[in-house]
Amino acid sequence: MGARKIRSLSLLTSNHSILNDNAVVLAEIARLERRIFPKHESLAGDFSQEVKKRNQKLLYVIQGDVVTEQKEHEEEKLDPTLIAGYLMYSWSSLAASITKLAVRESCRRQGYGEALLQSAIQQIQARRLQCVNLHVDPTRVAAVALYEKIGFHVDTVVHSYYAPNRDAYRMVLELTS
């Protein structure tokens with residue numbers, strides 16, 4: 001299997017065709033967000049506002065979509081209901097924060113989350129930032145294992161981060177030049 005093709009969503013364009021396609025993709029990502037995260041953790045209603053923010057990036061991947069020489073030259077129309085996962089990150093002058101990473105339940109353990117993370121980290125490294133951080137629920141064992149596989153380490157435990165008595169790990173990946 002080839003490398004996963006990671007796409008970027010941008011609402012900062014004046015091309016109506018691209019805006020319409022992006023609106024459909026955004027609606028599907030918001031639908032996934034509502035299904036994957038509890039209501040108080042979901043950004044489903046705010047994704048379009050989040051993506052428009054300065055220093056914010058939304059990446060997504062389509063099920064089965066891999067980079068091939070042929071696909072690079074084709075104009076393709078893909079079904080947004082086939083979105084396997086998405087990742088949102090933001091950055092400041094020194095660090096980046098992964099604010100969302102979600103993979104459709106039927107697509108888990110197939111490399112989509114890792115591909116999204118690797119793509120985001122490459123983009124963050126290109127900005128010459130010093131580190132990437134994120135918060136994760138310690139009970140999401142598969143997510144913690146994925147982050148550790150990539151090189152993140154637990155920096156601290158943030159008590160009652162998600163809700164009273166529901167902590168989070170703050171995980172950090174130090175970047176080298």
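Which residues does Y89 touch, not counting residues up to four places away in sequence? The views below start there. The model is predicted, so to speak of local features a pLDDT of at least 70 is needed, side-chain atom pairs count only at pLDDT 80 or more, and totals for chains, interfaces and linings use all residues. Numbering runs from 1 along each chain as its sequence is written, and side-chain values use heavy atoms, with hydrogens and water left out.

**View 1. Y89 and its contacts.** Y89 touches N55, Q56, K57, L59, S97, I98, T99, A120, Q123, I124 and R127, leaving out residues up to four places away in sequence. Contact here means heavy atoms within 4.5 Å.

**View 2. The largest nonpolar core.** This core has 29 residues, and L87, Y89, I98, L117, Y147 and F152 have the most contacts inside it. Two or more residues come from each of β2, β3, β4, α4, β5, α5 and β7, with α4 giving the most, six residues. Apart from it lies another core, of 15 residues, L9, V25, F37 and Y60 among them. (A nonpolar core is a set of buried Ala, Val, Leu, Ile, Met, Phe, Trp, Tyr and Cys residues joined through side-chain atoms within 4.5 Å; buried means under 20% relative accessible area, exposed over 50%, partly exposed in between, with a 1.4 Å probe and protein chains only.)

**View 3. The open sheet.** Seven strands line up as β1-β2-β3-β4-β5-β7-β6, with mixed pairing. At the edges sit β1 (4-9) and β6 (153-163), each pairing on one side only. From one strand to the next, the twist averages 25°. Strands (E, at least two residues) and helices (H or I, at least four) are DSSP runs, numbered from the N terminus, and two strands pair if DSSP finds at least two bridges between them.

**View 4. The β6/β7 pair.** β6 and β7 (residues 166-174) run antiparallel, joined by six bridges.

View 5. Helix α4 (residues 112-126) lies across β1, β2, β3, β4, β5 and β7, at about 140° to β2. Helix α5 (residues 141-150) lies across β4, β5 and β7, at about 15° to β7. Axes are lines fitted to C-alpha atoms, for helices over the stretch in contact, and angles run from 0 to 180 degrees between N-to-C directions.

**View 6. T81 in its loop.** T81 sits in the loop between α3 (69-72) and β3. It counts as partly exposed because its relative accessibility is 38%. Leaving aside neighbours within four places in sequence, T81 is in contact with E28, Q63 and R104. R31 is 50 residues from T81 in sequence, yet their C-alpha atoms are 9.6 Å apart in space.
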